[in-house]
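Trainee: I would like to go through this structure step by step. Please let me ask about one part at a time.

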Amino acid sequence: MIKTVSKDIDENLKYIKEVLKGSSDLVIREFEIGDVFRIKMATIYIDGLSSKEFVSQFAIGSLFKEEELKSFTLEGYKTSILDAIKKDGLSAADISEKEDFEEIITDILSGETILFINHSTKAIKIATKEFPARGIDEPKTESLVRGPREGFVESLRFNTALVRRRIRDKGLNIEMYQIGKRSKTDIALLFIEDIVDPKFLIEVRKRLDAIDIDAIIDSSTLEYLIEDNYLSPFPQIENTERPDSVSASLYEGRVSLIVDGSPFVLVLPATIGTLLNSSEDYYSRWIEASAKRILRLISVVLILFPSALYVAITVYHPSILPTKLSYYLAASRINVPFPALVEAIMMESTMELLRESGTRLSGPIGTTIGIVGGLIIGQAAVEAGIVSPLMIIIVAISSIATFAVPSYELSTALRLFKFILIVCSGVLGLFGLMLGVILTGTHILSLNSFGIPFSSPYSGLGIEEGDLKDTFVKAPLKRLWLRPGFTFPKNKKRMKEGKKHEK
Amino acid sequence: MKKIILIAVILSLTFTTGCWDMKEINERIFPYSVGLDIVDKKDFKKGRYEITFTYPNINALGKQAIQEDIVYLASIRGNNMFEGASNVSDRLQKPMFLRDLKVVVIPESLARDKNLIKEIIDGLSRDYIVNKVINFVVVKTTAKDFMQTVSKSKKQTEIEGLLYGLLRNEQGSTKFINSTLNSFVKDMYSCGATLVPVARREGEDIIVDSNAVFKDYELIGYLNQEDNRNIGLLTNKTKDLSINTEYEGADLALRTPRPRLKKQLIKSEKNLKIRYSIELRGQMEEYILGRGDQLDNKEKVNDMEKTLEKDLKKSIEKTIEKLQKDLNTDTIGVAEHLYKFNPKIWEEIEDDFDDIFPHIDIDLDINITIRRRGLTK
Amino acid sequence: MKNDLKISHIQLRALIISAVIGVGIISLPNDLANILEKDGWILIVLSALLIFPIIFMINHIFKINPGKDYFQIGEETLGKVIFTICKLLFLAYLIVYCSYEVAILSQLIKAFLLHITPVEIIIFLFVLTSVYISSMEIDIIARAGYFIYPIILIFAGIFFFISLPTADFSNVLPAFQSNFKNIPRGIVSTFFSFTGFEVLLFALPYVEDKKKALKSSMIALGIITFIYLLMFFTTLTQFYLKQLQGQNFSLVMIAKTVDLPGYFLQNLDGVVMAIWILVVFATFAPAFFGAGKILSNTFRTKSHKYFLLGLVPVIYYLALVPKDYIELQRDMLKILNILSFLSIVVIPFLIFIVGIIKRRIKA
């Protein structure tokens, strides 16, 4: 049964105290105003979530000051007090009437102040949300040489403002959702109405509506709830801390989800192409950007294959190597007591260990661990003759390559597959490696992100023949006069047709 | 979930069932040359050949070298090379892997036996592992003796073997014509004859300076350096050539990279006549001090060119005569040319080409130009 | 028929190319040289010209029956009983085709990559790996085709470029000296090199841009012909004719004889084999998928996954039936030729003709 505000203020207050009896941070201030007739009122808010100053000055303060209220009679009070308070009594900017206790309690818990007035069946909600928030500073995870230095923060409104500031587009829609049966977390769905593919939007909304969970703490929780294949190690939703990259992706016909309390904003769909792009690509010259993209693709190959190939070749097919190299390799492994498979897994695991301990320690200690571990362990292993020097080089290259992949989640997934490939090639050589590649490839190809192939824009879907302008190269901006096709945008044109425009 | 089970099944299957071929790279021996000697018939029980492998001593390579001998030698009896390679396991602790085999040393006695050579060529071509550009070399002693010299040779620094290094270096010189398995087979099919370099030892040096002529898989004779140079010219295999002559009492040397060759059938009646046009353009390497003004004189230069042409022509004619009369082998690509460009004539003479070849008229048209004369006059 | 599957016409083209070019390419040049000597390219061109009307016909079938898949069309035009027999033929063809592919693949892998590993393991693992992709829908297979298509192009390109330094272009001569009576026999065997395009029967209903589908499939045919011709001439310039005729796998032979300057890249046969596994996979997966689809259609089940798992032992067993190379290359290929002719030429032709006649009668 929905409980609504009753006429008796004491009853209301009693109810609220009953519901929130465990909340010691609840502040109830009861007061009476009026010269002729004393009107009983009460403000309720949560200490720390609302601005105390704002409540005293623009709610309680302005009520006390208002002359008209003081002269109200009982008659007038019963009929028009609510309007009078709304019109003259409150100087706060954002107020609204509330009847439903369910809503009222949610409002109180999210930091609003509720004003109860005796004999009135409606309460007034005064927007006083203000809670400790981090100031806007540079994104920690995605730093660029050139580009804006603003990053998202934990507060949803700041974040939508950061996006809105960049896009003064009347098409920009910000749809609000409250997800989490108990936590009631605010979630904003951002898209540009006349660009995004409606079918895609329907799918996103459907999945948001289908969520059934008690609390959403971070955007990652949301990500894991709405992604297509939750078993896959690959991220099917991108996250970013950069408002500029969110704004840019909105114009690519993509959709973004902001979760209150998380500085990581979700952007979907995510595909291999978007995960390998960095927003810096769009801030640097096209040749540089293209070279970097090709380098990143190479780094993907370098993460996956070198150790696996080392194992496959030294153990099964030394014939592939040029004679001199195979003699050299044999000579360098002459004292190594382990099989190449064990050697590779051992060294790769050591590298993972170093990385893990490095991330747990912040600042200079972290880097020290990296250097000490990398240099000393590697050197000592070679000196001791338990690892071939080539193995150290390979492990070093493949772990450096992981940092060249912009998306941390993607590089983690690739590292996982690296181990699978090492095992495959350790068991059946190149044939095993190829079977591993087929399995990995099939998995990547089978993934979809909200109906869009994860392998886009290399999937051949939604892209015209020979249209590699924004894939593994980035064409000059003037040539990018169409939005990327893999998101099937409603409105394709970005600028006037290239060739005419160039003059 | 099903996918995960499927992947797990595949992975565990590969894990439990794989690894048959596992063999670490340092657990293999990579021989780079093999020699085959025929043994006396009385001794056939153990195998027809005495097979000698040389292979690099891995312990002597690299930074952490702990031994000095770079090359090891292993000799074994066997009926063929592959049997030999597997028989070696009774004296070596690691298996042999024939992939990096680079040189096959054939003693003269073996080279005279047509069937044995055919067997060897077939075995090498048929095998999946052996490299198809493996080199052949003929020696006049036994292969084992020769290979022992090679392994002890002072110049044995090349990681892939001295002999292979020498044979590979053929590009620069015109002293011999290299022969690989692929070219051997190709030549046998196209001309019925091929040339294989001959190596000999001189003191502690290994010298490759002549070629053996194989006709129909059988050694029938030898050609010297000059012949090799001429054949190289006539088959367009030469990449860099030095020629010299005596001109007015002084030595005149010319270096001509990339000679050009054109073959043409000019008379197809009774007696076939084929013209070989060779065009050489080069740079003067050496003449004599103080006669620089001669080089400004067009007629003198023409005369020099004529002298060089005459000399070269004489030498080539001698080689051709040797090929036609003494050896009766077509290693200069006459048959191939006829087959490709005059298929109808070829059809008529194909069957008795051996009788016709000595009587084919080969016309030489040599054109030498002195293009550059060096830094000084 | 599911409507959310879509294939673009570019994917269709790539799918055809990767499905057609498969095991055959590695021995195609020497097969051609054995039949028609240096004029073997004529066979490629003639076969391509023969395939042309078949592709047109298949396209036409789907054009006059929009929104239906092959099984629905077949059932409606030929009747349930006849079409069930047709389906069984088609199924038999696909299964034998799959077995033949893995049989050849396992032979070569054993020869070049894994010398001691039993053939059974190689076959079993390869088929099992393919189950994963074949259990998906056709759009995923089309994506796979689109990924393998550039690999095939690079594969062909690498062959061409590595053999350039040692190529002797006069080897192409003499032209037109062969015995042209061999052409009919030759076409029968080169026709097999073009099978695989039956993937059209499964893919066409889902192609987004129906108008471009025909054009795309024709371009695909053109590219396939070009790649075959390129490979034939590359091997021809590399070897003397009799040498070529004596070989079993000319492309591997090229990889084994190339000698690039600097000698860093030697012994490319291992690399070639590794890439070739992917190429074979791309022909195997669609055929395997097709077999599963036919079964699931016949037994009216929603998913074809379990049929694929059931087919694994069948293919495994069939691939091990040919005891030696002769049985594999002669007997199995003969059966395969007949089956492929029946199922991808005769049956579509029947549907085409009956469909047209039925329309005439109605009108």
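Trainee: In what order do the five strands of the open sheet in chain A lie?

Mentor: Keep in mind that this is a predicted model. The sheet is open and its pairing is antiparallel. From one strand to the next, the twist averages 25 degrees. The order of the strands is β6-β7-β9-β10-β8.

Trainee: Which are the edge strands of that sheet?

Mentor: An edge strand here pairs on one side only. The order β6-β7-β9-β10-β8 has two ends to check. The edge strands are β6 (172–179) and β8 of chain A.

Trainee: What angle does α6(A) make with β7(A)?

Mentor: α6(A) packs on the sheet and touches β6, β7, β9 and β10 of chain A. Helix α8 (residues 219–226) of chain A lies across β7, β8, β9 and β10, at about 25 degrees to β10(A). For α6(A) and β7(A), the angle between directions is about 10 degrees.

Trainee: How many of the eight residues of helix α9 in chain A are buried?

Mentor: Helix α9 spans residues 243–250 and is mostly covered. Its buried residues pack against α6 (156–166), β7 (185–192), β8 (238–240), β9 (255–259) and β10 (265–268) of chain A. Among the buried residues are Pro243(A), Val246(A) and Leu250(A). The count of buried residues is seven.

Trainee: Which helix gives the most to the side of domain 2 of chain A that touches domain 3?

Mentor: The domain assignment gives domain 2 as 156–270 and domain 3 as 296–453 of chain A. The contact takes 15 residues from domain 2 and 13 residues from domain 3. By class, the domain 2 side has nine nonpolar, three polar and three charged residues. The helix that gives the most, with three residues, is α7 (residues 198–209) of chain A.

Trainee: How far apart are the end C-alpha atoms of residues 417–439 of chain A?

Mentor: The unreviewed UniProt entry annotates "transmembrane region" at residues 294–313, 358–380, 386–405 and 417–439 of chain A. Over residues 386–405 the chain is 80% helix and 0% strand, with end C-alpha atoms 31 Å apart. Residues 417–439 are 100% helix and 0% strand, and there the end C-alpha atoms are apart by 10 Å.

Trainee: In chain B, which residue of β3(B) is the bridge partner of Phe53(B)?

Mentor: Strand β2 (residues 49–56) of chain B pairs in the antiparallel sense with β1 (residues 33–38) over six bridges, and there Thr52(B) stands opposite Gly35(B). Eight bridges join β2(B) to β3 (residues 71–78), again antiparallel. Phe53(B) points one way from β2(B) with Tyr49(B), Ile51(B) and Tyr55(B), and all are buried. The partner of Phe53(B) in β3(B) is Ala74(B).

Trainee: Which helix gives the largest share of the side of chain B that touches chain A?

Mentor: The contact takes 25 residues from chain B and 25 residues from chain A. By class, the chain B side has 13 nonpolar, five polar and seven charged residues. The largest share is four residues, and the helix they come from is α1 (residues 2–17) of chain B.

Key: Residues numbered from 1 in each chain as written. Chains lettered and ligands numbered in written order. Predicted model: local features only at pLDDT ≥ 70, side-chain atom pairs only at ≥ 80, totals over all residues. Buried ≥ 20, exposed ≤ 12 C-beta atoms within 10 Å, placed from the backbone. Pairing = 2+ DSSP bridges. Contact = placed C-beta atoms within 7 Å. Domains from an automatic or database assignment. Nonpolar A, V, L, I, M, F, W, Y, C, P; charged D, E, K, R; others polar. UniProt positions renumbered as here; feature names shortened; annotations may be inferred. Axes fitted to C-alpha atoms, helices over the stretch in contact; angles between N-to-C directions.
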